[in-house]
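Let's walk through this model together, moving from the whole protein down to single residues. Please keep the structure open beside the text as you read.

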Amino acid sequence: MSNNNTFIDFRDISRNSKNKKIILFGAGEIATKTIRKLDTSPSYIVDNNPNMHGSKDNALSVNHPRDIKKELNISIIIICTTSFQEVSIQLNEMGFKKNLDYFVSPILNDLLILSQLSDLKTEIIFSSGAPISDNEDYGGGIYKVSINGLKYQVDKKINGTTHGIIKKDSFYYANNHKYGLIKFNKNFEILKKIEMPMGSRPHGLTYSKLTNKFYIVLSYRDSFLIINDNFEIEDEVFISDKFKDYNSPVHHCNDICNKNSSIFVSMFSKSGNWKNDVFDGCIMEIDIKSKKIIGSVKENLWMPHNVTFIDGGLTVLDSLTGELLKDNFRVIGKFPGFTRGILFDGGLFFIGQSRNRNFSKYLGNSYNISIDTSIIVFDDKSKVSRSIHLDPRISEIHSIIN
């Protein structure tokens with residue numbers, strides 16, 4: 001997925017350089033600025049420019065790069081040139097390992113993250129919950145995005161309004177309104193399917209290894225289905241009794257995830273007053289065995305979606321506010337559109353942004369409300385992002401996976 005150009009600071013270098021020599025790769029202004037920030041003075045500098053060999057820079061001798069071959073395992077190399085991609089390849093060929101034996105100077109962090117986002121090469125899959133379009137290239141369905149540096153291609157693979165999508169083993173599963181719950185392979189060939197209850201509007205989808213069952217949120221029934229590996233419906237669990245009382249959804253449940261013996265469901269209204277314009281959104285925890293509600297683990301959300309676990313902790317998109325909540329629900333990213341769809345590849349976030357149909361509810365709280373459809377590639381450390389713009393006829397993104 002993303003490049004391994006880790007965004008580091010000088011504290012990281014200090015921790016990794018204990019009991020080791022420091023050697024700089026690249027003479028000049030970047031080396032000068034780097035030396036000022038280091039706790040330990042470098043031993044010497046190497047440079048690819050033969051005219052520099054035998055000279056001095058910052059009172060350090062400038063040597064030929066071949067001199068560092070003998071330093072493997074006893075030193076760390078700090079790259080101090082804007083040609084860090086080429087130097088990285090050079091060091092790799094000498095046997096040095098990135099982010100272990102050598103690092104790019106934090107002075108170059110701005111250029112490093114720009115390079116990482118610009119040179120990104122990856123493929124992702126996203127689902128669109130938009131209505132089916134007369135033009136089958138757009139509208140609801142499942143899409144593949146191939147990103148190759150600054151170029152990217154978007155191809156629709158499966159038609160039909162689709163919300164939740166997950167990967168299990170080497171296969172994919174999705175809630176498709178045309179076919180129901182579907183199983184498909186990497187070639188997007190549908191291998192298995194089961195129809196969902198009429199008028200239930202299936203949204204989020206998860207699979208529990210504890211029970212070996214699928215759990216599917218039905219947003220039009222304020223409930224979730226339990227389906228076994230044979231694609232047989234075993235049970236339906238309601239969030240409250242309100243659906244039976246009103247014969248209409250009042251919580252607007254949408255996404256679901258699981259960990260250990262708990263199920264977590266995101267919804268627009270904990271109290272069941274979404275249709276009364278009360279958006280007291282929350283994430284509800286439910287015991288996976290007893291199917292009893294444990295309680296809400298996060299409240300005061302505004303149209304939350306895509307509750308999931310990242311780095312071992314609950315993460316959610318507060319869609320209307322455009323906020324990415326992680327690390328004890330701290331805001332680690334804020335985006336100008338209706339955010340829905342999240343993927344973390346270990347280095348970068350891929351955040352879906354749908355056309356905002358509810359922007360009037362957020363007037364006065366934001367001074368820039370985007371109506372674009374895009375996938376935002378976001379580095380949460382530097383807070384830098386890049387947008388993959390999609391045709392407005394796609395209009396909605398719900399889930400993103402790789």
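Two residues are in contact here when heavy atoms of theirs lie within 4.5 Å. Residues are numbered from 1 along each chain as its sequence is written, and side-chain values use heavy atoms, with hydrogens and water left out.

How confident is the predictor? On the pLDDT scale, which gives confidence in each residue from 0 to 100, the protein averages 92, and 95% of the residues score at least 70. Residues 1-5 stay under 50, and for them the model has 23 contacts beyond four places in sequence. Where pLDDT is low, the predicted coordinates should not be read in detail.

Now for the overall picture. The C-alpha atoms fill a box of roughly 85 × 45 × 40 Å along the principal axes. The protein has five helices and 30 strands, taken as DSSP runs (helices H or I with at least four residues, strands E with at least two) and numbered from the N terminus. Of its 402 residues, 52% count as buried, meaning under 20% relative accessible area with a 1.4 Å probe and protein chains only. Among the contacts with a separation of 6 or more, 48% join residues 24 or more positions apart.

Let's start with strand β1, residues 21-25. Four of its five residues are buried, so β1 is largely enclosed by the rest of the structure. Strands count as paired if DSSP finds at least two bridges between them. β1 pairs in the parallel sense with β5 (residues 75-79) over five bridges, and there Lys 21 stands opposite Ser 75. β1 also pairs in the parallel sense with β2 (residues 44-46), over three bridges, where Ile 23 stands opposite Tyr 44.

Together with helix α2 (residues 29-37), β1 and β2 make a right-handed β-α-β unit; right-handed says that, with the strands pointing away from the viewer, the path from the first strand over the helix to the second runs clockwise. The buried residues of α2 are Ile 30, Ala 31, Thr 32 and Thr 34. Their cover includes α1 (10-16), β1, β3 (56-57) and β5.

β14 and β15 (residues 213-218) are antiparallel over five bridges, and Leu 205 has Ile 216 in β15 as its bridge partner.

Our last stop is Ser 269, in the loop between β19 (262-267) and β20 (281-287). Is Ser 269 buried or exposed? Ser 269 is buried, with a relative accessible area of 0%. Leaving out residues up to four places away in sequence, Ser 269 touches Val 250, His 251, Trp 274, Val 278, Asp 280 and Gly 281. Cys 282 is 13 residues from Ser 269 in sequence, and their C-alpha atoms are 6.7 Å apart.

Conventions: This is a predicted model: local features need pLDDT of at least 70, side-chain atom pairs count only at pLDDT 80 or more; totals for chains, interfaces and linings use all residues. pLDDT is the predictor's confidence in each residue, from 0 to 100. Buried means under 20% relative accessible area, exposed over 50%, partly exposed in between (1.4 Å probe, protein chains only).
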